[in-house]
Amino acid sequence: MIEPGGGPAVVKREDGLATASLVTGIASLVCCGLVTGIPAIVMGLVSRNRIARSSGALGGRGMAMAGVILGVAGSVFWTVGITAAVVVYKANSNHPATASAVPCDLLEHTVYHYHVALQIIDDGQPVAIPTDVGRPALCYYWLHMHAATPGLIHVESPTQRTFTLGDFFDVWAKTSSRPVQLDSGHVGTITLNPGQSVVAFVDGQRYSGDPRGIVLVAHDVIQLEITPPTIDPPPPYTFPSGY
């Protein structure tokens with residue numbers, strides 16, 4: 001082929017590095033992150049330089065540029081994603097399961113979700129239960145509370161199993177900076193004085209066994225009174241609307 005000026009025409013061909021940069025850049029964004037992202041960036045920059053010095057013999061500048069951009073994007077995306085996953089994993093590993101195997105996770109597979117009311121009454125007055133029980137950073141125990149619904153235990157589990165009030169207090173202990181117990185001498189963070197005792201009620205009826213063994217049943221109202229005085233029956237409780 002002869003150019004208009006009389007010399008031979010220059011046949012432009014795509015630079016192979018440009019194509020390789022584009023392919024590895026796509027791989028970086030889709031799955032491989034830095035593994036193919038860095039080669040995509042390097043090949044793209046080298047290709048652009050070769051194309052610029054080829055006097056028009058080489059093409060593929062756009063592909064080379066796209067490879068660089070995709071390589072940067074893929075490297076950043078996967079690096080941030082993997083770093084975030086590691087942070088979440090380490091945060092969760094700092095909150096191990098309770099002795100009864102109630103774990104702390106992201107509640108991604110919740111199948112069973114119901115609510116149980118819990119009140120602690122000391123000297124005839126309700127005692128506030130921390131609403132961050134069971135909710136440490138970046139994970140949720142299957143038994144937990146929320147600020148919007150104080151005194152309401154949220155039971156959220158991927159499997160059908162029996163949970164007890166003892167399970168909840170164990171979770172509370174895992175997520176409290178103060179000692180938490182439920183026994184003859186303690187209710188939560190409260191230590192009983194000589195002469196005091198714990199009386200448990202479920203839906204207004206006295207519970208004669210160990211309060212730790214009270215089974216968490218949807219819409220039950222559990223009330224723990226530190227006596228004296230004994231308020232029998234304890235004051236009524238109304239579930240929040242929608243729960």
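Predicted model: local features only at pLDDT ≥ 70, side-chain atom pairs only at ≥ 80, totals over all residues.
## Helix α1

Helix α1 runs over residues 16-32. A straight helix of 17 residues would span 24 Å at 1.5 Å a residue, but the end C-alpha atoms of α1 span only 21 Å.

The buried residues of α1 include Ala-18, Ser-21, Thr-24, Gly-25 and Ser-28. These residues lie on the same side of α1, because the arc they cover around the axis is only 135 degrees. Val-23 and Val-30 are exposed, and they sit on the face of α1 turned away from its buried side. After α1 comes Gly-33, which has a positive phi near 55 degrees.

## Packing of α1 against α2

Helix α2 covers residues 34-52, and its axis comes within 7 Å of the axis of α1. The two axes cross at roughly 155 degrees. An angle over 145 degrees counts as roughly antiparallel, so α1 is roughly antiparallel to α2. The crossing of the two helices is left-handed.

On the α1 side, the residues that meet α2 are Leu-17, Ala-18, Ala-20, Ser-21, Thr-24, Gly-25, Ala-27, Ser-28 and Cys-32. Their counterparts in α2 are Leu-34, Val-35, Thr-36, Gly-37, Pro-39, Ala-40, Met-43, Gly-44, Val-46, Ser-47 and Arg-50. Ala-18, Ser-21, Thr-24, Gly-25 and Ser-28, named above as buried, are among the α1 residues that meet α2.

## Ser-157 in strand β8

Ser-157 belongs to strand β8, which covers residues 152-157. Its relative accessibility is 1%, and buried means under 20%, so Ser-157 counts as buried. Setting aside neighbours within four places in sequence, Ser-157 is in contact with His-109, Thr-110, Val-111, Tyr-112, Trp-142 and Phe-163.

## Val-215 in a loop

The loop between β13 (205-207) and β14 (221-227) contains Val-215. With a relative accessible area of 39%, Val-215 is partly exposed. Setting aside neighbours within four places in sequence, Val-215 is in contact with Thr-162, Phe-163, Thr-164 and Asp-220.

Val-215 and Val-202 are separated by 13 residues in sequence. Their C-alpha atoms are 9.7 Å apart in space.

Most residues other than glycine have a negative phi, and most peptide bonds are trans. Ser-55 is not a glycine, yet its phi is positive, at about 55 degrees. This residue is found in the loop between α2 and β2 (58-59). Ser-55 counts as exposed, with 70% relative accessibility.

Asp-123 is a residue other than glycine with a positive phi, near 55 degrees. Asp-123 is located in the loop between β4 (112-122) and β5 (125-127). At 56% relative accessibility, Asp-123 counts as exposed.

The peptide bond from Thr-227 to Pro-228 is cis, and its omega is near 0 degrees. Pro-228 is part of the segment after β14.

The peptide bond from Pro-228 to Pro-229 is cis, with omega near 0 degrees. Pro-229 lies in the segment after β14.

Notes: Residues numbered from 1 in each chain as written. Heavy atoms only, no water. Helix = DSSP H or I, 4+ residues; strand = E, 2+ residues; numbered from the N terminus. Expected span 1.5 Å × (residues − 1). Buried < 20%, exposed > 50% of the residue type's maximum accessible area, 1.4 Å probe, protein only. Arc of directions from axis to C-beta. Axes fitted to C-alpha atoms, helices over the stretch in contact; angles between N-to-C directions. Parallel < 35°, antiparallel > 145°, perpendicular 65-115°, else oblique. Left-handed = near helix turned anticlockwise from the far one by under 90°. Contact = heavy atoms within 4.5 Å.
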